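Please look through the model below with its two-chain arrangement left aside for a moment.

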Amino acid sequence: MESHLTVRELESRWKKTLTATQTAAAMHPGIYRDLKKQAAAIVENPIDINDYFPTVEKLIDRLTTLDPCGHGSIFDIFSSHISPSNIWQVKLLRMECKDLLAHLDAFDRWRRKKHHLRRVK
Amino acid sequence: MNEELIQLGGKKKSSTFMDKVKEILPEGGNLNLCLTCGACSSGCPATGLDGMDPRKFLRMAALGLDDEIAKSDWPWMCTMCQRCIYVCPMQIDIPQLVFNARALRPREQRPKGILGSCDMALRNESTSAMGTAPDDFVFVVEDVLEEYQEAQPEFADMQAPIDKEGAEFFLNQNSREPVTEPDELVPLWKILHLAGADWTYGSAGWAGENYCMFLADNDSWEKVTRTTVNQANKLGVKTFLNTE
């Protein structure tokens with residue numbers, strides 16, 4: 001148990017996670033978009049129990065393609081969270097996908113903020 | 001919260017728990033940081049029971065998954081030990097969320113063991129979850145005291161007062177001890193005797209356990225606590241020694 005963690009250390013970890021996520025997403029932008037679509041579909045639609053493993057397999061395949069060497073990105077962390085060996089209850093898949101999308105949303109906002117881009121009408 | 005943080009709140013439906021999470025999140029707190037932490041889960045004695053995971057529970061609350069929380073048994077796995085708050089770098093009060101989650105379930109559908117213990121405590125003035133009546137408690141205390149005074153001459157002067165007016169300390173007692181392990185009452189008496197403490201039990205409100213708190217039944221929790229407080233006040237005791 002890491003009992004001596006400080007908020008500052010966690011903030012530093014989070015920044016590293018965002019940076020690793022940016023590198024990974026930049027390498028595979030298409031897969032990144034597909035991942036978000038698939039996670040959103042899982043959150044919004046019911047899944048037959050028979051489709052659970054193929055669905056998770058597909059999701060994990062995308063996550064590991066994005067960060068194959070485990071550089072500590074959001075994809076890396078969630079490929080472990082979503083793995084069937086780590087989900088104790090099948091119904092938690094939806095929660096994990098919602099959580100993944102919330103983190104990716106925070107990542108997208110962080111990335112947009114860094115670029116200072118403005119839309120010209 | 002700045003723009004980088006996970007946004008709490010959604011347009012589609014209102015969520016009780018999102019608001020609760022906002023309330024307990026300290027100034028400058030950022031729930032994104034939980035992703036690479038998990039100290040609460042590592043420190044929780046209930047982690048793994050029925051898949052219980054305090055970090056996931058917090059996430060469910062932050063994501064507004066109220067229905068899932070209400071249906072889940074996770075809140076009932078928590079012992080309210082508060083170790084998660086102690087280890088959390090942001091001191092997020094997860095047990096408060098657990099308490100709120102317990103209150104979501106209709107009283108009669110809450111776990112039988114806790115419910116029964118709370119109801120038992122409301123039956124008489126002892127506030128004992130085992131239903132021990134005041135007379136029985138007084139009898140056991142006097143009987144055990146007499147036995148030890150005789151068997152151990154060095155403690156012949158030891159006292160275990162009940163309803164002693166003006167004592168310095170009002171002591172409570174888990175009712176399992178007088179009922180099933182009366183000899184376990186004695187070590188604390190000995191310590192207080194050797195320390196020269198002026199203390200007393202109350203014939204009412206002596207039972208220290210409060211299952212109504214674990215049941216998230218505020219009214220009953222208050223009733224049990226008030227019984228103890230009223231007895232201490234009635235005796236003019238200023239300091240309450242909570243052994244639970």
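A residue counts as buried if 20 or more other C-beta atoms lie within 10 Å of its own, as exposed if 12 or fewer do, and as partly exposed in between, with C-beta atoms placed from the backbone. Helices (H or I, at least four residues) and strands (E, at least two) are DSSP runs numbered from the N terminus. This is a predicted model, in which local features need pLDDT of at least 70 and side-chain atom pairs count only at pLDDT 80 or more, while totals for chains, interfaces and linings use all residues. Residues are numbered from 1 along each chain as its sequence is written, and chains are lettered from A and ligands numbered from 1 in the order in which they are written.

Helix H3 of chain B, residues 54-62, is mostly covered, with 9 of its 9 residues buried. Among them are B:Phe57, B:Leu58 and B:Met60, and also the charged B:Arg55. The buried residues pack against helix H5 (92-115) of chain A and, within chain B, against helices including H1 (16-24) and H6 (94-104). After H3(B) comes B:Gly64, with a positive phi near 75 degrees.

Contact here means C-beta atoms, placed from the backbone, within 7 Å. By that rule 22 residues of chain B touch 23 residues of chain A. On the chain B side, H2 and H3 each give two or more residues.

Confidence, as pLDDT, runs from 0 to 100 for each residue. Chain B has a mean of 91, and 94% of its residues reach 70 or more. For the complex, the predictor gives an ipTM of 0.85 and a pTM of 0.81.

How values were computed:
Two residues are in contact if their C-beta atoms, placed from the backbone, lie within 7 Å. pLDDT is the predictor's confidence in each residue, from 0 to 100.
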